[in-house]
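Here are some friendly notes to read alongside the structure. Keep the viewer open and look up each residue as you go.

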Amino acid sequence: MKSLKRAADVRGHTFWGKGPDNAGSYNSSPHETGFFRDGGDYDSYYGRFFLKWYSQVLIDHADRVLSLANLAFEDTAIAAKLSGIHWWYKSASHAAELTAGFYNPCNRDGYAPIALMLKKHETALNFTCVELRTINQNEDFPEALADPEGLVWQVLNSAWDVNIPVASENALPSYDKEGYNKILANAKPWNDPDGRHLSAFTYLRLSSVLMENHNFLEFERFLKRMHGEPLSN
């Protein structure tokens, strides 16, 4: 918190040198808090100052770690993995992302600064949840206001816009055509005029369920399509 107090002093508002006191508790919903609710303090002068400081502290930390990593692993490709925090993505504040240090409310792109920092170190971005479909999240957890497809689109494009490699993986076990089709659509976006695509994909994971005959046949079909066979429904 010393860093926050110093930043507040530099800004000329010493009383800003503390965290928000109206952000709720672990199980609070955004609309129940004064900080994260629509029109809440997250978008006030203090809120923007605090969230910018919070996210920048984490970006600066990653910057230092990657500087050392490039020295220690010279001429080795390095990737940084970002968490896929897609719940509350359909709310104005994106409360879950803000809490995790991703300053990405609906009126600000919080992933572009991260992508630029990775670009500085020639580091790839590794992201998750490329198999998730928003409609399924809305059916299973409507109260979460989740949008994994929107988040994936934003993060992947933030990285592609600065021309860094993008890798990905599935967040949950995936054995069916529906999930595989979503992975394929993200791996090689249809009708992308620039031909952008994932540089690598990690499938999670080998299990006895995957080895069941019908699941393995679907997985085999998915692998062939990842290697260039025409996509079919």
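1. Start with the loop between helix 2 (45-72) and strand 1 (79-81), where you will find Asp75. Please keep in mind that this is a predicted model. The backbone at Asp75 deserves a look: its phi is positive, about 65°, although the residue is not a glycine. Most residues other than glycine have a negative phi. Is Asp75 buried or exposed? Its relative accessibility is 79%, and exposed means over 50%, so Asp75 counts as exposed.

2. Next, move to the loop that runs between helix 6 and strand 3 (166-169), which holds Asn163. Here too phi is positive in a residue other than glycine, with a value near 60°. With a relative accessibility of 63%, Asn163 counts as exposed.

3. Now for a peptide bond. Which residues does the cis peptide bond join? They are Leu204 and Arg205, and omega is about -10°. Most peptide bonds are trans. To find the spot, look in the loop between strand 4 and helix 8, where Arg205 lies.

4. Among the buried ones are Gly179, Tyr180, Asn181 and Lys182. The buried set also includes Ile183, Leu184 and Ala185, as well as Asn186 and Ala187. What covers them? The cover includes helix 6 (148-161), strand 4 (200-202) and helix 8 (213-226).

5. The axes of helix 7 and helix 8 come within 10 Å and cross at roughly 15°. Angles under 35 degrees count as roughly parallel, so that is how helix 7 and helix 8 are described. The crossing of helix 7 past helix 8 is right-handed.

6. On the helix 7 side they are Lys177, Tyr180, Asn181, Ile183, Leu184 and Ala187. Their partners in helix 8 are Glu218, Phe219, Arg221, Phe222, Arg225 and Met226. Sorted by type, the residues of this contact between helix 7 and helix 8 are 7 nonpolar, 1 polar and 4 charged.

Definitions and conventions: Residues are numbered from 1 along each chain as its sequence is written. This is a predicted model: local features need pLDDT of at least 70, side-chain atom pairs count only at pLDDT 80 or more; totals for chains, interfaces and linings use all residues. Side-chain values use heavy atoms; hydrogens and water are left out. Buried means under 20% relative accessible area, exposed over 50%, partly exposed in between (1.4 Å probe, protein chains only). Helices (H or I, at least four residues) and strands (E, at least two) are DSSP runs, numbered from the N terminus. Contact means heavy atoms within 4.5 Å. Axes are lines fitted to C-alpha atoms, for helices over the stretch in contact, and angles run from 0 to 180 degrees between N-to-C directions. Angles under 35 degrees count as roughly parallel, over 145 as roughly antiparallel, 65 to 115 as roughly perpendicular and the rest as oblique. A crossing is left-handed if the near helix is turned anticlockwise from the far one by less than a right angle, and right-handed if clockwise. Ala, Val, Leu, Ile, Met, Phe, Trp, Tyr, Cys and Pro count as nonpolar, Asp, Glu, Lys and Arg as charged, and the others, Gly among them, as polar.
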